[in-house]
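Here's a quick briefing to read with the model open beside you. Keep the viewer handy, as the points below go topic by topic.

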Amino acid sequence: MAVKTIWQITHSCGHQAERDLSDRAADRRAGFAQWLAKQECTDCWRAAKEGDEQDKAAWLEAKRAQEQAESDAWSQQYRMPPLEGTERAVAWGVRCRHQLLPAAYASLVLEGETGEAGWEEIEDAARTITRAGWWIDQRSSEPGDLAELLQAATEADRPTENPHF
């Protein structure tokens with residue numbers, strides 16, 4: 001008599017399924033069938049996984065919204081000009097600017113040797129950069145390098161009075 005190949009499995013979620021275990025060696029089918037019985041069925045597993053992905057997406061969306069609100073409030077408090085670019089780039093650029101400027105203040109003024117007057121010059125130079133893409137590009141920069149990065153910014157990163165000139 002041959003070892004059976006079709007097994008009736010009752011999964012941990014309570015669902016039953018017939019499984020063809022003929023692709024496994026005959027002496028491993030019973031053990032694999034026992035292992036399968038301790039697992040959720042495929043449909044329940046997929047549903048749980050999709051729920052986790054939706055929860056993660058919702059968490060990420062809420063976190064981004066909170067970061068955006070904090071960045072917008074910070075921009076208003078420190079009179080930062082609005083950024084230019086696509087809607088998505090502007091939102092991201094505002095968050096990057098919010099992360100970089102306070103970190104640069106801490107690095108240059110609180111921990112470094114830049115005085116408040118020197119910081120005001122850096123802050124004024126930062127206000128002239130309104131291209132969101134520039135701030136996004138600097139997101140991984142060292143905060144202590146901000147003054148040099150601001151000097152390296154091109155005219156394309158700063159607005160002109162006549163945008164057609």
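This is a predicted model: local features need pLDDT of at least 70, side-chain atom pairs count only at pLDDT 80 or more; totals for chains, interfaces and linings use all residues.

Where is Arg79 found? Arg79 sits in the loop between H2 and H3.

**The loop residue**

- Arg79 has a positive phi of about 55°, although it is not a glycine.
- For background, most residues other than glycine have a negative phi.
- With a relative accessible area of 61%, Arg79 is exposed, because the cut-off for that label is over 50%.

- Helix H2 covers residues 42–77, and Arg64 is found in it.
- Arg64 comes out as partly exposed, at 42% relative accessibility.
- Follow Arg64 across to Trp92: 28 residues separate the two in sequence, and their C-alpha atoms are 9.5 Å apart in space.
- Ser75 lies in helix H2 too.
- Is Ser75 buried or exposed? Its relative accessibility is 8%, so Ser75 counts as buried, the limit being under 20%.
- Setting aside neighbours within four places in sequence, Ser75 is in contact with Met80, Val94 and Arg97.
- Now look from Ser75 to Arg46: they are 29 residues apart along the chain, and 43 Å separates their C-alpha atoms.

**H2 against H3**

- As a reminder, two packed helices are described by the angle between their axes and the distance between the axes.
- The H2 and H3 axes cross at roughly 65° and come within 9 Å.
- This crossing of H2 and H3 is left-handed.
- On the H2 side, the contact is made by Arg64, Glu67, Gln68, Glu70, Ser71, Asp72, Trp74 and Ser75.
- H3 answers with Ala91, Val94, Arg95, Arg97, His98, Leu101 and Pro102.
- Sorted by class, the residues of the H2 and H3 contact are 5 nonpolar, 4 polar and 6 charged.

**H3 against H4**

- H3 and H4 pack with their axes 11 Å apart, at an angle of about 155°.
- That angle makes H3 roughly antiparallel to H4, because anything over 145 degrees gets that label.
- The H3 and H4 crossing is right-handed.
- H3 brings Leu101, Ala104, Tyr105, Leu108 and Val109 to the contact, while H4 brings Glu116, Trp119, Ile122 and Ala126.
- What classes of residue make up the contact of H3 with H4? It has 8 nonpolar residues, no polar ones and 1 charged.

**The nonpolar cores**

- In soluble globular proteins, nonpolar side chains tend to be buried together.
- Here the largest nonpolar core has 21 residues, and those with the most contacts inside it are Leu101, Trp119, Trp134, Trp135, Leu146 and Leu150.
- Leu146 is worth a click: leaving out neighbours within four places in sequence, Leu146 is in contact with Leu100, Leu101, Ala104, Trp119, Ile122, Trp134 and Trp135.

Methods. Residues are numbered from 1 along each chain as its sequence is written. Side-chain values use heavy atoms; hydrogens and water are left out. A nonpolar core is a set of buried Ala, Val, Leu, Ile, Met, Phe, Trp, Tyr and Cys residues joined through side-chain atoms within 4.5 Å. Buried means under 20% relative accessible area, exposed over 50%, partly exposed in between (1.4 Å probe, protein chains only). Contact means heavy atoms within 4.5 Å. Axes are lines fitted to C-alpha atoms, for helices over the stretch in contact, and angles run from 0 to 180 degrees between N-to-C directions. Helices (H or I, at least four residues) and strands (E, at least two) are DSSP runs, numbered from the N terminus. Angles under 35 degrees count as roughly parallel, over 145 as roughly antiparallel, 65 to 115 as roughly perpendicular and the rest as oblique. A crossing is left-handed if the near helix is turned anticlockwise from the far one by less than a right angle, and right-handed if clockwise. Ala, Val, Leu, Ile, Met, Phe, Trp, Tyr, Cys and Pro count as nonpolar, Asp, Glu, Lys and Arg as charged, and the others, Gly among them, as polar.
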